[in-house]
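Trainee: I have a protein to look at, and I want to know what lies behind the terms. Can we go through it together?

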Amino acid sequence: MKPLKLELSAFGPYLGKVEIDFTRLDGNGIYLVSGDTGSGKTMIFDAIAFALYNKTSGNNRTSKDLRNVMATDQLTYVDYSFKINSSIARIKRIPAQIQRLADKDKKIAASYQFFLDDQELRFDGDNDIASIVGVNYDEFSQIVMIAQNEFMALITQSDSKRTEILKKLFKIPNMNDFTTMLSQEYGAAKSDHTRFNDNIVDMLELYEFQNQGDDAKIVEQFEQKQGEYESDKKALELQVGELENELAALDKQVREINEINSLFDALKEAIEDKSQLLSSRDITLEDQLSLLKAAAKVKPAHELIQNTSRDIATLVATISNLNSELEGNKEKIKELKKEVDSKELYQQQIRVHQATANELEQKRIQLDKIRSVKDDIAAFTQRNKCLCGKIDTLLENQKNNQTNLAALKQYLEKETDMATGRIKWQNEIDRLTRQASTIQSCLKEKENETRIKEQHLSALKRYETLDDALKQAKLVFAQAQKRKNEYAIGYIAASLKDNEPCPVCGSLNHPQVAPLLESDISQEHLDALQQEQDELQSELNEAVAAAGDLNGKLKNVYEKLETFKQELGNIDDYDLLLEKNRLDLKAANEKMAQINGYFRQLDATKEKQAKLEQAMADDAVALTSHNSEVERLNGVISSLQGQLDELPKISRTQEELENDIRAHQEAAKSLEDRIAANQDSYHLALNQITRIETSLQEKSGQKDQLEITNEKNRIGYERELSLLDYSRETIEAAFDQIGRINELESIIEQYNRALVKVESTIELYKAKTQNKQVGDPAVLVDQAALKRDLLAKVKDELATISSRLLTIQNDSTKISQWLKNRQGAQERYQIHYDLYQTAKGSLAGQKKLAFETYLVYSYFEELLEYANVIFSQLTNERYQFVASEPDNKRATSGFVLGILDRENSKTRLARTLSGGETFKAALSLAIGLSRLVQDKSGCVELNSIFIDEGFGTLDDNSLNIAINTLQSIRLEDQMIGIISHVNLLKERIDNKILVRKDNEKSVIEIVEG
């Protein structure tokens, strides 16, 4: 670690902000911090220690002591930048404090920020920065920052503590764990060897093979047995094939015999069917069919005779009736002849009545004309009155239509406002609908938030449970491991004897022998505990991943909710907002429904307006027409009134005239009708007589012709009957059954088809069974059964041999692998055992020195080589560091730090040095350790040393030597900072940080040499 920049604010005596640029002091690697007592020299190193470890150098100040007593609103902090390896680190630490502001005091909590190459890092604790710097606070204060009055710590501390520092600085692993691991490895190898050997022995005993101690011969026995099984398997497979072929041949013969027997059975069944069919034949059906066909043949002739006889009888009756009607008409025509002869008399009477009627008609016409004129006058007057009423109605309609039209126009004037309102309310409905959708989505995300929170809480609880369980498992494993180690130590310690060297450390004295525990922890138990620990760690990792995934989901939900919240105007009560949205949407829909209702009525209103306007136009036309008609009717009425005045007066009434005219007309008509009726009746009677006579003649001829025809038909019928084999009575009795002809023909046809079919079947089976005989397959079936039993037994034997072959093949593979594994386990056991004995210093024929002790000792010797270069110069070649192995050579022990005094060639402990000598020794060790660490790649970087006082313990000569020595050292990329009030140092060291008091506060000045 090499300082680059330090910034202080209201820290200790530094009231304002103070900056120290260490890069300006990097000339020759040494700089001095000088100033008056109490000015704040040590506070600079305190600030560095506080920034790194939250403690001051020497750890003699609390956080309350760090804030400047004069500070008010200034913030107390330390901002320290330094170079570590190839990276740039920066830490800003703020102690807990109270800022005195104008209105009230503000309490500030302690905090820090740490950046490595501009990337911020966080630690679980303040001391975790040791993972970056490489040393903790105690080690830092001993080998990097040697605080006032504590420079003797590295010299006077215990050997074991000094050893622990070296182990950490040079990253020497814990050899106890390494030794234990080697012990476990060789123990595991030995256990594997035993396990594989036991498996081999058990396998050989299972097969009753000889265990001759030769791996090749063991494998050879398995291969020989496998060959025997393979030979037996081939023989059995061949036998199975032969038996299956024989069984297939027997099955084929049995099938052929059964097929022939089936054909003979089918032939027998067909013959029986024909016999039953012939026995069921009804020969009377054919006789019945023949009779019915004969009856059907002559039935038309019989029916013709019957019909002709009925026609002749009808004609005889008709002729008799016509003769009677002819006689009656002849008597009636005599009476009609008399009426016809009176025709002239009736015609004279008709002429008298007609003349009288004509005279009366002339009078009636005049009277009708008078009445017609009056009626016309009355009609025109009534029509005129009606038209006037229509005119009044039209005028009233015009007035009403004007009013209605004005109302309609007023209704139509709302269309533009309604259209604008419809757009407005539709936009409002769309907005509310979108808002409702957003609210629903928000409520859904709120539900997701609740659900994910519950899942996240459950995952965190599971993590806590698993974390506690893992800690407990680790504790149990550590306790078991410790107990196993304690048992191993006690087991070794139990064999110790006085005056005999310890196999671990080689000591002859055993003052504190470890006790032998009653029981050991088995390796299997440790493995089970380790497995349980690994499983819990795996479950814990899964729980962490699950919690992280749920945390990501919860973050997404929060982002969506924040978006929704902004869209909804930062309103949190979504249920209330949803209810308000529902009511607003309902009101908007109702308003929209009113507007839509208006537009639905709008077309009807426009149509009604058009109808009203058309009606008004029609009424205007009608009104004009009616006014013209009224004027015309008035003229007609005036003209008719003039005509009425000119007509003569007739005393008789219209009714009297009409009655007289009608009486004469009716009398004349009656006489005319009588004449016409007499003429018609007379001619009708003559025509009737002629018709009857003609009809008598026609009917008589028809009767004669029918009698001739009927006789011919009878003769033909008798001739057809004579040609038949049946009597007249039989034939005529069958007429009623002629309808059964089709039924009988169908029954006979079905029988004939069935007979033909069964005869064809018989011929077919006779052809198939020709030259064949019925056989008995029982013998062959029995033979096949025996073959099947034998085949099953052979297959069972084959399965057994196959199973044995597969088993020995698997076992052969296992035994070969076990033999290899046993050999490998033997080799691993030997290697790990030798390593284990070497690591703990117990290998036969080797020096009894534990490996960890050896590593630490090698670094310790190198450290002393570096330190002696400085120490010899500082002490004028008098003193030299020496190291020796302790009497107790256990791996956990350190090394004794001694001082060789060349004046008397004696060695003494370092803690016996005087104060000045101790400072020289500590300074030499610190510089030597810094150089050693620099040279060891991959170790901790300690390229800075901070020394607070100590030089005051040196006399002038020693001080000159120390300064000369320090100035003669040129370490690459290394700085040594010294706090001192010694004047000689001020004169000899060019690069300085001067600290002085100025108006109750300290200020800093950097002087470059």
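Mentor: What follows is a short talk about the terms and the values behind them.

Mentor: This is a predicted model, where local features need pLDDT of at least 70, side-chain atom pairs count only at pLDDT 80 or more, and totals for chains, interfaces and linings use all residues. Residues are numbered from 1 along each chain as its sequence is written, and side-chain values use heavy atoms, with hydrogens and water left out.

Trainee: What is the average pLDDT of the protein chain?

Mentor: pLDDT is the predictor's confidence in each residue, from 0 to 100. The chain averages 78, and 82% of the residues score at least 70. Over residues 887–893 it stays under 50.

Trainee: How many helices and strands are there?

Mentor: The chain has 20 helices and 17 strands. Both are DSSP runs, numbered from the N terminus: helices are H or I with at least four residues, strands are E with at least two.

Trainee: What span is expected for helix α7?

Mentor: The rule is 1.5 Å times one less than the number of residues. Helix α7 covers residues 215–279, which is 65 residues, and 96 Å is expected. From first C-alpha to last it reaches 95 Å, close to that value.

Trainee: What caps the N-terminal end of α7?

Mentor: Aspartate 214 does. One of its side-chain oxygens lies 3.1 Å from the backbone nitrogen of alanine 216. A polar contact needs N or O atoms within 3.5 Å; within protein, one must be able to donate a hydrogen and the other to accept it, and residues adjacent in sequence count only if both atoms are side-chain atoms.

Trainee: Why is the pair of arginine 822 and aspartate 215 called a salt bridge?

Mentor: The term asks for a side-chain nitrogen of Lys or Arg within 4 Å of a carboxyl oxygen of Asp or Glu. Here the closest N and O atoms are 3.0 Å apart, so the pair qualifies. Arginine 822 lies in helix α16 (residues 778–839) and aspartate 215 in helix α7, so the bridge ties together parts 607 residues apart in sequence.

Trainee: Are these two partners buried or exposed?

Mentor: Buried means under 20% relative accessible area, exposed over 50%, partly exposed in between (1.4 Å probe, protein chains only). Arginine 822 has 16%, so it is buried. Aspartate 215 has 28%, so it is partly exposed.

Trainee: What about arginine 582 and glutamate 579?

Mentor: They also form a salt bridge, with closest N and O atoms 2.5 Å apart. Both lie in helix α12 (residues 574–646), three residues apart, about one turn of the helix. Arginine 582 is partly exposed at 44% relative accessibility, and glutamate 579 at 35%. By the salt-bridge rule the count comes to 26.

Trainee: Which residues of α15 are buried?

Mentor: They are Ile741, Leu744, Ile748, Tyr751, Leu755, Val758 and Ile762. An α-helix has 3.6 residues a turn, so residues three or four places apart point the same way.

Trainee: What makes a nonpolar core?

Mentor: It is a set of buried Ala, Val, Leu, Ile, Met, Phe, Trp, Tyr and Cys residues joined through side-chain atoms within 4.5 Å. The largest has 44 residues; Met1, Leu6, Leu52, Tyr80 and Phe946 touch the most other members. Helix α1 (residues 41–53) gives the most to this core, with 10 residues. Another core lies apart from it, with 26 residues, among them Ile200 and Val794.

Technical notes: Contact means heavy atoms within 4.5 Å.
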